Amino acid sequence: MTGNPNKQMTEQELINCFEDAINYDHIYALYQPQINHSTGRMVGAEALMRWNHPLYGMQYPSDFIPVLEKNNLIFKADLHIFELVCRLQRKCIDERISVVPISVNMSRYDIYNHDYVESIEAIRKKYDVPVKYLRIEITESSAIGGMELVSSVLDQLHSYGYLVEMDDFGSGYSSLNILKDLNIDIIKLDINFITGGIGGRGGTILSSVVRMARWLETPVIAEGVETMEIADYMKSIGCNYIQGYLYSKPIPEDEYIKTLGSLNHEPMEAEMRLLKTIDSGKFWDPESMETLIFSNFVGAAAIFSYDSEEKTIEILRVNQKYIKEVGMGRTEKKIIKSDPWDILDENNKNIYIGTIKKAIQSNDEEECETWRTICTNVCGEEKICVKSNIRAIGTTGTRHLFYCMVQNITKEKQNIDQLLENEGRFKYAFEHANVYAWEVDLNTWDMRPCFRCMRDLNVPPVVHNYPEPLIENGIFPPDYADMYRGWMEKLAQGMDGLEAIIPLTVGRIPFYVRYSLEYDENGKPLKAYGSATLVVDDKDKK
């Protein structure tokens with residue numbers, strides 16, 4: 001009996017044949033690989049439901065799936081596909097064939113009418129397939145109208161270790177709301193955004209979605225990619241993962257296994273891996289506490305990204321204090337749209353890049369000072385010196401995300417330059433005076449001495465844990481050690497104007513020692529400035 005190949009079956013014929021289709025695998029799975037377009041390696045695959053009737057031939061999913069949904073049969077069909085995937089993964093594991101995760105579709109009928117999660121978990125345990133090799137796909141239309149239920153199902157899936165993909169993202173009307181409210185692990189983009197050609201409004205939307213997903217630490221897969229032009233465009237906007245006919249059509253199991261053996265594999269990574277201490281979702285939420293703190297309570301700050309391969313930098317966000325501190329009359333919009341390299345000469349650009357590299361390597365805060373030339377209609381051309389404290393907060397491949405605190409130190413630099421102009425006179429006068437001077441950082445207890453301290457007393461350029469090393473080497477006598485430690489405590493508490501005659505060095509030479517304080521903008525003691533003047537009595541004067 002030859003039948004009529006590829007004849008579209010009626011609804012009743014589909015229903016009547018359904019049980020046989022399940023029992024004899026007329027309903028089966030094809031597998032479409034997912035590829036990293038940058039490396040050519042395989043990162044996953046999707047299982048796609050197909051129906052091949054022995055008499056009527058292939059039935060289109062668009063014809064039979066609505067019938068199964070209408071007659072409450074899709075749940076059994078979905079579980080059948082899930083079991084086929086588990087069977088395949090078990091076979092590959094047993095035969096020592098390297099496997100990648102396979103995504104299986106979950107329909108809204110599975111969520112609303114059945115205990116889908118417990119059912120697939122029972123199948124997974126039956127075949128003893130590690131959960132990392134299975135992913136669940138949900139379409140964004142499935143979430144519309146039942147967000148609370150869908151969210152609870154996703155939580156249940158996550159509790160078992162499943163990753164959840166949102167399929168056809170962008171095809172509905174509430175994409176952003178759904179992404180905000182649902183804990184999705186992977187986004188699959190509807191490539192129909194740019195069916196009319198690369199660029200334009202569709203390209204702008206795609207680029208924005210990819211960037212947004214990057215901050216949410218969510219990998220993005222472009223689905224339905226058929227040309228190298230589209231794949232290259234997606235790569236250029238930060239989406240490397242591709243699924244579509246460019247690399248492979250959906251293929252049967254035996255061909256898929258051959259593909260597994262012929263391609264190298266790699267894990268799928270989030271577009272931007274942020275530090276564990278950073279909650280990226282809250283950080284980019286304009287109403288979150290993190291944003292409130294960034295905007296109002298920290299100093300002048302910016303968020304920027306840097307591509308270590310292209311050596312390009314992009315300012316993503318600044319707060320109002322940043323605009324006031326170093327904006328020089330520029331608006332937030334103008335600062336963000338500008339190229340930060342335009343205001344740095346080659347030398348200062350290299351200093352800044354060097355600090356960025358240090359921050360990446362150290363995973364800690366790094367500091368630099370750079371001169372910037374800013375030209376605006378308000379201020380004209382002005383040169384300012386900016387102290388930047390830079391910390392890496394996220395990275396993926398060659399792209400890195402940074403948090404940067406800035407301080408305009410132009411006036412301080414100008415004052416120092418003025419002092420340096422008179423350095424020769426000051427040094428000459430200081431050489432002929434019996435005065436030693438130093439400063440103590442009250443936050444770090446680092447002491448920096450004058451050149452006479454270093455020359456005459458062999459004090460190093462920086463003394464850590466001051467004053468203990470100088471007590472140990474005898475510059476401060478043991479019988480005055482506790483008194484001097486008490487001074488340090490009083491200075492840290494803000495007591496200014498401490499002074500006394502103290503015998504210093506092993507020769508117990510009397511010096512008049514006094515301290516004054518420098519405070520920060522909040523009135524907290526910042527630095528203590530000390531001096532020791534030789535005490536000369538009348539006999540010495542004669």
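The buried residues of helix α2 pack against α1 (11–23), β2 (41–53), β3 (57–59), α3 (74–94) and α4 (108–113). Buried means under 20% relative accessible area, exposed over 50%, and partly exposed in between, with a 1.4 Å probe and protein chains only. Contact means heavy atoms within 4.5 Å. Helices (H or I, at least four residues) and strands (E, at least two) are DSSP runs, numbered from the N terminus.

This is a predicted model, in which local features need pLDDT of at least 70, side-chain atom pairs count only at pLDDT 80 or more, and totals for chains, interfaces and linings use all residues. Residues are numbered from 1 along each chain as its sequence is written, and side-chain values use heavy atoms, with hydrogens and water left out.

Stay with α2, which spans residues 61–70. Its buried residues are Phe64, Val67, Leu68 and Glu69. Just after the helix, asparagine 72 takes a positive phi of about 60°.

Next comes helix α10, residues 228–236. Here Ile230, Ala231, Tyr233 and Met234 are buried. Seen down the axis of α10, they fall within an arc of 160°, so they line one face of the helix. The arc is that of the directions from the helix axis to the C-beta atoms. Turned away from that buried side is a face with the exposed residues Glu229 and Ser236. Glycine 238 follows α10, and its phi is positive, near 105°.

Now look for the cavity. The structure holds one of 30 Å³ or more. Of its 18 lining residues, Ile315, Tyr322, Pro340, Tyr352 and Arg372 are the closest to the centre. On a 1 Å grid over the protein atoms alone, a cavity is a set of points where a 1.4 Å probe fits but cannot get out; lining residues have an atom within 4 Å of a point. Grid points are joined across faces, edges and corners, and the volume is the space filled by probe spheres set on the points. β11 (301–307), β12 (312–318), α14 (320–326), β13 (366–376) and β15 (399–408) each supply at least two lining residues.

Finally, turn to the strands. β18 (499–504) and β19 (509–519) pair antiparallel over six bridges. Two strands pair if DSSP finds at least two bridges between them. Isoleucine 502 stands opposite phenylalanine 511. Four residues lie between the strands of this hairpin, and threonine 505 in the turn has a positive phi of about 70°. Nine bridges join β19 to antiparallel β20 (525–534).

Methods:
On a 1 Å grid over the protein atoms alone, a cavity is a set of points where a 1.4 Å probe fits but cannot get out, and a pocket is an open set with protein on both sides within 12 Å along at least five of seven lines; lining residues have an atom within 4 Å of a point.
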